[in-house]
Amino acid sequence: MLRLKTILQYNYIYFILLLMVFGVTFFRVSLPKKSKYDISEKEFKGVLLNYKVDGDKFTFILKGKEKIKCTYYIKTKEEQDYLKKIDEGIEIAITGVLSEPLNNTIPNTFNYKKYLKQNNINFTLSVQKYTVINNKIKIHYKIKNWLKRHISNYKSQDYLLALIIGDKSLMDEEIKNSFQKLGVSHIFAISGMHISLLSSVILKVLKKLKLKESLSYLIVIVFLCFYVFITNFQASIIRSIGLFILIYTNRRLDFNIDVLNVLLLDISLILIIFPNFLYNIGFLYSSIVSFSLIKYSYLIKGNYITKMIKVSLIAFLFSLPITLINNYEFNLFTIINNLVIVPLVSLILYPLSMLSFFIFPLDNILLLVINLLELLTPYLLNISIVVPKINFIFIIMYYLFLTLFFKSYKKVYLLLIIILIVINKIVTIIDPNCYIYFLDVGQGDSIVIKKGRECILIDTGGKIDLKKEDWQVGKKYYITDNTIMFLHSIGVSKINYCLITHGDQDHGGEILNLLNNIKVDNVIINKGEVNYLEKQIPKKMLTKSYKGKLNFKLLDTGINYDNENDNSIISLLNVYNYNILFMGDASKKVELDILKKYKIKADLIKLGHHGSKTSSSEEFLDKIKVKDSIISSGRKNRYNHPNNETIETLNKLNIKFKNTQDKGSILYKISKNNVTISYTSP
């Protein structure tokens, strides 16, 4: 034991261990893993876990030979009521179709396939039929079900679920987004602060009962291990509880290991047990913030406000690269906002949530505090700085400058960090190339044109929703959330011109969400009747012509047609003598009218109406001498776009075509001497 204690005093062994674990873990998670299921299988049995009912959509994890992510569409209101009350942990039999999850098809956005892989899920399952085969569930599932049902009785259940169980699924999406933009969304992630408070309360209660310290800690550790299960094994919670256990073990066995080294040991052990946490955002945030606060704890001195400022500043600086990797922006006033929100949540909201869980009448007071928090949120400061996608070199240099700053306290290193961020932004502005992204937005159109500071968006995409009864309607998910994240990743914080080629849902359906979440200078809508969505666009944004820096023209036949598709805005971009024609949903009739008024040639065309047979006439394509084309259409779309007739025409004229449903988003990078094409494939 004495020799072990001596060895444990060497600080360098913990850094060496962590580096070795990082290397081995990276190798482990990179290895391909074979599924225990065959994709041709149709019948499955297992335990139902982590279910959610969202309108007519029932999603859950089936734990059989391995975990499968399952989706079932509810048929009736009665079935929905039944599934809302179903017990987690029951055994079910399922008939359905397995699929491999797809990668993200819009660049630099959330990769669902990687996310599932990190959670050891290889397949998704479209459920056709389910049957409960065993209602008997284990005791830990019974407790978990009781907790969720108990919380469901509260008016403040959305916040209670988030703060006690770590489940933010019931929180309003707009509220969550506003907290994220303010840079304070971390307060609703169960972290070391919550675990510390929870364990302290339990220890004090046990001390009052005059239990031995060793027994008290054993009880707390058992409770915390069960808490990990209740919170669905969230990475940040496992790390926090692991640190609590190691700190107690260190003190109990008198190893005298420095707290920072205990943290490094904690991170190493967790990565050995859970290698997929290497890419878990919660784990990375939790680890880097804990490291920085422990490492520089000697700086956190002064009165309460001073300490809060220092804690917020250190946490902000060290977690900034992780924020940029995931959001491509940060709020300049995050530190100030934390001074307001963190005390409100940690000192009032979280303790009150714990008390309300046991004392039901406190729910009304809790709801009052929640309303106060939400009323306060719009008045907090928010100046978002968009930073294009950063690379590994940026991260290394950032942490190098930050470490040197804390070592010497020379402001020059903070200046170097600012210069590093500015350079990363300037690179995208001075880039002379023109980038045209045909985004994969499903059955719809959305095209981004970027050159230097100029950004044009042609259409927003939009989902065509079928008519549903009230009980079938779930949370609204916006396609443009991905578009905005993508725009930020390429350094775009403002759209100079947004063209809505026509008012159909699949072209302009998400214009309002776009306007609410990114600055847009000008909006151009088509001629003809103005629909409901177009009426919501602020009149001060509307313009009829393009006056930007690019050689970008709107082509108008001068005819007012009797339908939305034919009234589509048709536009032509010329960059470095390369012509790109964007046809909206214009039909063959409009194509011929364009030929009568304009003498145009096109190197590339975005075909009209998603490759429908109503567009792309042979005469038109032949006369504009086009050799390359894009079809924007959704996978397994109900219209069977593109039409075989259109494909035959393209083949006959020897025109190449690329379809977003096969290729994902398609990028044309146009330079003075070259045109390169790349894809973000499913």
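How many disulfides does the count come to?

A: Happy to look at this with you. This is a predicted model, so local features need pLDDT of at least 70 and side-chain atom pairs count only at pLDDT 80 or more, while totals for chains, interfaces and linings use all residues. Residues are numbered from 1 along each chain as its sequence is written, and side-chain values use heavy atoms, with hydrogens and water left out.

The count comes to 0 disulfides, a disulfide being a pair of cysteine sulfur atoms within 2.5 Å. Cys 455 is in no disulfide, and its nearest cysteine sulfur belongs to Cys 498, 9.4 Å away. Cys 455 is buried, at 1% relative accessible area, whereas Cys 225 is partly exposed at 44%. Here buried means under 20% relative accessible area, exposed over 50%, and partly exposed in between, with a 1.4 Å probe and protein chains only.

Let's turn to the aromatic rings. The model has 34 aromatic pairs; rings of Phe, Tyr and Trp (its six-membered ring) pair if their centres lie within 6.5 Å, and planes under 30 degrees apart count as stacked, over 60 as edge-to-face and the rest as tilted. Tyr 37 and Phe 44 are edge-to-face, 5.5 Å centre to centre with 70° between the planes, and both residues are buried. Tyr 435 and Tyr 437 are stacked, because their planes stand at 15° with the centres 6.4 Å apart; Tyr 435 and Tyr 437 are buried too. Ring pairs also link a cluster that includes Tyr 296, Phe 318, Phe 394 and Tyr 409.

Charges sit over some rings as well: NZ of Lys or CZ of Arg must be within 6 Å of the ring centre and within 35 degrees of the ring normal. Lys 144 lies over the face of Phe 229, 5.2 Å from the ring centre, and the charged end of Lys 663 is over Tyr 679, 4.8 Å from the centre of that ring.

Now for the strands. Helices (H or I, at least four residues) and strands (E, at least two) are DSSP runs numbered from the N terminus, and two strands pair if DSSP finds at least two bridges between them. An open sheet with mixed pairing is built from 6 strands in the order E13-E14-E15-E16-E17-E18. E13 (551-555) and E18 (656-659) are its edges; each has a single partner strand, so one side of each is left without a neighbour in the sheet. Neighbouring strands are turned by 20° on average, direction ignored, with axes taken as lines fitted to C-alpha atoms. Within this sheet, E15 (residues 578-582) and E16 (residues 604-606) run parallel, joined by 3 bridges, and Leu 581 has Ile 605 as its bridge partner in E16.

Elsewhere, E5 (residues 121-134) pairs in parallel with E3 (residues 67-73) through 4 bridges, Lys 67 being partnered by Ile 121. E4 (residues 91-99) runs antiparallel to E5 with 9 bridges, and Ser 99 stands opposite Thr 124.

Finally, a look at Ile 594, in helix H22 (residues 588-597). Ile 594 is buried, at 1% relative accessible area. Beyond its neighbours within four places in sequence, Ile 594 is in contact with Leu 555, Thr 557, Ile 570, Ile 600 and Phe 620, contact meaning heavy atoms within 4.5 Å.

Definitions and conventions:
Axes fitted to C-alpha atoms, helices over the stretch in contact; angles between N-to-C directions.
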